Amino acid sequence: MPDMEQAAREAFAQWRGSADSIVVARAPGRVNLVGDHTDYNDGLVLPMILDRAVYVAARISSDGSHHFWSENYREGVTYSPGQWPKVRPGHWVSYIAGMIQELPPPGPIELLVMGNVPLGAGLSSSAALEMATGLALEALRGKPVPPLELAQIGQRVEHRYAGVKCGIMDQIVSRAGRTGHALFLDCHSLNWEHIPIQSKDTQFLVIDSRIRRQLATSKYNERRAECQKALEYIRASNVAITSLRHVGDHHVKELKESILQRRIRHVISENKRVKAACSAVIHSDWSRLGRIFSLSHESLREDYEVSCKEMDFMAAYAELCPGVFGARMMGGGFGGCTINLVRAGEGPAVAASVTAAYEDKYKQKPVAHIIGPGIEAGCSYD
Ligand code: ADP
Ligand code: MG
């Protein structure tokens, strides 16, 4: 049994006096190799599961109330079914209560959560929490939920109870991603394909700047609104176009505002990069994948304008290090993590060099993590 799963059982036993009849579910965080800000435009993405996950241990409660406990925050909540816990949207309890609202268990529950996906770093700890909770609820209900449906429930919970208008990528990859594979997802058809990664020559390295900016959420929502506005302009003369997925280079000039032109240019070019990245992964063409990383960063910086000087520095500095094929900012932007594609064995040296240079310049030490074999979502019973 994985260490974290065992730790969750032990923590549960300590919290409730015993761990009899519990189910333990897990769901991983993720990186996105390429395809940022494309999912909510019905576009293409190429994420991969992490070797870090959120674990949820749960059972039916014996006293008629819901009891939740977070090991990470060292705090708990108790409330009666039919009530709503007194927490702000996005509080850890809101995700769990939201999932319960969508997938009601046969009675109130005791639920403990712990995880090692960094919180708020853009590695999708929230989707992992939703999917792990969902899998635990499936087990308690005794009714399986198809993976796509569970992902859509998680997305709805994130929209309604956390106030984040996220796309569907994070929940799908957390629920359905496989070890040793990237997941090529078409966010329009919602079909996906598991793309094997022959990783003997390479390593993926995540470097977390530890910058968490409030601005990230407001800018994310602003970009979504800009994409919507661009789509409306284009639809005025092309009603058949229902999302930016179906927009081509020739549509760019139809837009009068240069900001909107740049926003959709990013979406169009990023979708093309996802297809190219898929082919690079299939052929183990790491130099090509590295170039795609660099171009994605440039597009996010110049056209989509979601980077910041710290992420620009971290990606540019990494690309000067020996053994680095490419680096880019990842996720919503304005902080969070870079993803770096490096030659096998070079990860520790690159991590040391980038974190030292960054600390020297910005007086804060980033946290680097070489990604190991991904942890697939699942559930175990006593
Ligand atoms: P990200 O998904 O990029 O990590 P979010 O802000 O979307 O960032 O989600 C982070 C939130 O998810 C946390 O603030 C917390 O509410 C919840 N969360 C994630 N993992 C855990 C965990 N292990 N324990 C409790 N809450 C968690
Ligand atoms: Mg999230």
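The questions and answers below concern this predicted model.

Visitor: How many helices and strands does the protein have?
Guide: The model is predicted, and its secondary structure is of both kinds. The count is 11 helices and 12 strands.

Visitor: What share of the contacts with a separation of 6 or more joins residues 24 or more positions apart?
Guide: Two residues are in contact if heavy atoms lie within 4.5 Å. Among contacts in the protein with a separation of 6 or more, the share from residues 24 or more positions apart is 71%.

Visitor: How far apart are the centres of the positive and negative side chains?
Guide: The protein carries 43 positive and 42 negative side chains. The centres of these two sets are separated by 3 Å.

Visitor: Is S124 buried or exposed?
Guide: S124 sits in the loop between strand 5 (109–115) and helix 3 (125–141). Leaving aside residues up to four places away in sequence, S124 touches G29, R30, V117 and D170. Its relative accessible area is 8%, and the limit for burial is under 20%. S124 is therefore buried.

Visitor: Which geometry does the pair of Y40 and Y220 have, edge-to-face or stacked?
Guide: The structure holds eight aromatic pairs. In the pair of Y40 and Y220, the ring centres are 5.3 Å apart and the planes stand at 70°. Planes over 60 degrees apart count as edge-to-face, so the pair of Y40 and Y220 is edge-to-face.

Visitor: How many residues apart are Y40 and Y220 in the chain?
Guide: Y40 lies in the loop between strand 1 (23–34) and strand 2 (44–60), whereas Y220 belongs to helix 6 (residues 215–237). Y40 is buried at 11% relative accessibility, and Y220 is buried at 15%. The pair links distant parts of the chain, with a separation of 180 residues.

Visitor: At what angle do the ring planes of F313 and Y362 stand?
Guide: F313 is in helix 10 (residues 309–320) and Y362 in helix 11 (residues 347–362), 49 residues apart. Their ring centres are 5.9 Å apart, and the pair is edge-to-face. The planes stand at 80°.

Visitor: Which residues do ring pairs link into a cluster with Y362?
Guide: Y362 is partly exposed, with a relative accessible area of 22%. Ring pairs join Y362 into a cluster with F313, Y317 and Y358.

How values were computed:
Residues numbered from 1 in each chain as written. Chains lettered and ligands numbered in written order. Heavy atoms only, no water. Helix = DSSP H or I, 4+ residues; strand = E, 2+ residues; numbered from the N terminus. Lys, Arg positive; Asp, Glu negative; His and termini not counted. Charge placed at Lys NZ, Arg CZ, Asp CG, Glu CD. Buried < 20%, exposed > 50% of the residue type's maximum accessible area, 1.4 Å probe, protein only. Phe/Tyr/Trp six-rings, centres within 6.5 Å; stacked < 30°, edge-to-face > 60°.
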